[in-house]
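Here is a short report on one protein model. Look over the sequence and the structure first, then read on.

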Amino acid sequence: MQLLSPGLGLILWLIVIILVILVIAALNNLIKYSTLDANMKVMWLLIILFVPVIGSIMYFITGKSKKLKV
């Protein structure tokens, strides 16, 4: 019995790709579109880099609370 069958391996790769896209999207949003001050941006950057998945989810839930003023 194989530990990772071809189907399971594909599913794991898809999960990894989705999580990498989530982290990249959070970093992109933080750098380009965030209206937070510099200290908060650095804090969120460190959180996203050191705890990537949870940090990215936390950023999208709480970090984007300040909306752009048009």
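## One face of helix H3

Helix H3 spans residues 52-62, and its buried residues are Gly-55, Ser-56 and Tyr-59. Buried means under 20% relative accessible area, exposed means over 50%, and partly exposed lies in between, with a 1.4 Å probe and protein chains only. Seen down the axis of H3, the buried residues fall within an arc of 100°, so they line one face of the helix. That arc is taken from the directions from the helix axis to the C-beta atoms. On the other side of H3, Ile-54 and Ile-61 are exposed.

## About the model

This is a predicted model, in which local features need pLDDT of at least 70, side-chain atom pairs count only at pLDDT 80 or more, and totals for chains, interfaces and linings use all residues. Residues are numbered from 1 along each chain as its sequence is written, and side-chain values use heavy atoms, with hydrogens and water left out.

## Overall build

The protein has 3 helices and 0 strands. From the N terminus on, the order is α-α-α. Helices (H or I, at least four residues) and strands (E, at least two) are DSSP runs, numbered from the N terminus.

Of the 70 residues, 20% count as buried. The accessible surface comes to about 5600 Å², and 77% of it belongs to carbon and sulfur atoms. These areas come from the Shrake-Rupley method with a 1.4 Å probe; for residues, only the protein chains shown count as cover. Among contacts (heavy atoms within 4.5 Å) with a separation of 6 or more, 53% join residues 24 or more positions apart.

## The nonpolar core

The largest nonpolar core has 8 residues: Val-23, Ala-26, Leu-27, Leu-30, Leu-36, Trp-44, Ile-48 and Tyr-59. Such a core is a set of buried Ala, Val, Leu, Ile, Met, Phe, Trp, Tyr and Cys residues joined through side-chain atoms within 4.5 Å. Helix H1 (6-33) and helix H2 (38-50) each give two or more residues to this core. H1 gives the most, with 4 residues. In soluble globular proteins, nonpolar side chains tend to be buried together.

Ser-56 sits in helix H3. Ser-56 counts as buried because its relative accessibility is 0%. Leaving aside neighbours within four places in sequence, Ser-56 contacts Leu-22, Val-23, Ala-26, Ile-48 and Val-51.

Ser-34 lies in the loop between H1 and H2. Its relative accessibility is 12%, so Ser-34 also counts as buried. Not counting residues up to four places away in sequence, Ser-34 touches Asn-29, Lys-41 and Tyr-59.
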